[in-house]
Amino acid sequence: MNPSRPTPGTPAGPDGTTPTPDGTAPTTAGIPDDLRIASLERARRMRQEPRFPGGPAADPAGSHHERRIRSFQPRRSRVTPGQQNALERLWPKWGLDIDGLRVLDLPTMFDGLPVVLEIGFGMGEATARMAADDPGTGILAVDVHTPGQGNLLGLADRNGSTNVRVANGDAIILLREMLEPESLDGLRVYFPDPWPKSRHHKRRLIQPEFLDLVAGPLKPGAIVHCATDWEPYAEQMLDVLTAHPRFENTVAGGGYAPRPAFRPQTRFEGQGLGKGHVVHDLLFARV
């Protein structure tokens with residue numbers, strides 16, 4: 001028997017493929033071309049359409065922005081009923097897609113509050129706590145993780161916090177295309193993907209080019225606050241921020257900063273500490 005051909009009667013999957021007899025690899029052998037093409041087109045549409053009508057888009061920037069090396073890797077995991085409920089109820093009110101086609105009016109969006117951008121909030125527990133503790137600051141929180149988006153919306157709603165907006169998509173497009181100059185009062189990047197392999201270091205978010213980009217939307221004096229438990233990445237962050245002419249270390253004499261009281265310890269951070277990792281905070285002011 002040819003192992004590349006499906007067993008007679010084996011149903012095709014949603015993408016038009018059929019499993020091989022040993023279940024190790026799919027194949028489209030034996031499927032009529034018109035059915036295969038239709039199935040592949042249906043699978044393509046499913047990847048591009050939002051999982052929840054009226055909720056975050058699957059690919060908000062679409063094809064109208066150039067391809068580039070990404071500093072993040074989209075994660076797909078199960079959305080709980082509570083997260084789905086929050087997305088359906090609150091996304092039209094507090095959510096936005098990063099489509100790169102408009103400039104955001106932050107003063108109107110946040111009722112005149114100073115606004116801090118947070119890139120990568122995970123499941124949103126720390127973000128929700130900071131929003132509740134400081135209702136006088138607006139938080140524009142960006143991530144691509146749908147369960148986390150729903151979780152943050154639900155937490156903010158339960159806390160009675162109205163100072164959080166959740167943005168879905170690529171923060172680079174947001175910074176470059178959708179924010180006015182000197183419109184942000186701060187930037188928070190907590191525990192970004194360290195991309196530990198040497199060949200992946202180019203994917204790390206904190207790079208000179210990123211700081212060039214973010215300096216525009218930040219007001220003079222705005223604080224860039226980074227935190228990581230990955231020692232080599234902390235060293236790179238410190239070197240890159242120290243060398244950049246638009247940013248100045250708030251720590252006298254340079255070096256890392258103590259964890260500010262307003263940054264709560266995250267579950268991820270607790271796991272890292274439990275493994276013996278050392279967490280470093282960096283606070284630099286835009287000059």
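Which side chains meet in a salt bridge at 2.8 Å, N to O? They are those of Arg176 and Glu177. This is a predicted model, in which local features need pLDDT of at least 70 and side-chain atom pairs count only at pLDDT 80 or more, while totals for chains, interfaces and linings use all residues. Residues are numbered from 1 along each chain as its sequence is written, and side-chain values use heavy atoms, with hydrogens and water left out.

**Strand E5**

- Strand E5 spans residues 138–143; helices (H or I, at least four residues) and strands (E, at least two) are DSSP runs, numbered from the N terminus.
- Six of the six residues of E5 are buried, where buried means under 20% relative accessible area, exposed over 50%, and partly exposed in between (1.4 Å probe, protein chains only).
- Gly138, Leu140 and Val142 point one way from E5, and Ile139, Ala141 and Asp143 point the other way.
- In a regular strand the side chains alternate between the two faces of the sheet.
- E5 runs parallel to strand E4 (residues 115–119), and five bridges join them; two strands pair if DSSP finds at least two bridges between them.
- Val116 has Ile139 in E5 as its bridge partner.
- From E4 the chain crosses through helix H4 (residues 125–133) to E5 in a right-handed β-α-β crossover. Right-handed means that, with the strands pointing away from the viewer, the path from the first strand over the helix to the second runs clockwise.

**Strand E6**

- Strand E6 (residues 164–168) pairs with E5 in the parallel sense over five bridges.
- Across this pairing, Ala141 stands opposite Val166 in E6, and Asp143 has Asn168 as its bridge partner.
- The chain passes from E5 through helix H5 (residues 146–159) to E6, and this β-α-β crossover is right-handed.
- E6 is mostly covered, with five of its five residues buried.
- Val164, Val166 and Asn168 point one way from E6, whereas Arg165 and Ala167 point the other way.
- E6 also pairs in the parallel sense with strand E3 (residues 95–97), over three bridges.
- In that pairing, Asp97 stands opposite Asn168.

**Salt bridges**

- The structure holds seven salt bridges, each being a side-chain nitrogen of Lys or Arg within 4 Å of a carboxyl oxygen of Asp or Glu.
- Glu182 forms a salt bridge with Arg286, and their closest N and O atoms are 3.6 Å apart.
- Glu182 lies in the loop between helix H6 (171–177) and strand E7 (184–190) and Arg286 in strand E10 (residues 280–286), so this pair ties together parts that are 104 residues apart in sequence.
- Glu182 is partly exposed, with a relative accessible area of 42%, whereas Arg286 is buried, with 7%.
- Lys219 and Asp185 meet through their side chains in a salt bridge of 3.2 Å, N to O.
- This pair links distant parts of the chain, with Lys219 in strand E8 (residues 218–228) and Asp185 in strand E7, 34 residues apart.
- Lys219 is partly exposed, with a relative accessible area of 30%, and Asp185 counts as partly exposed at 29% relative accessibility.
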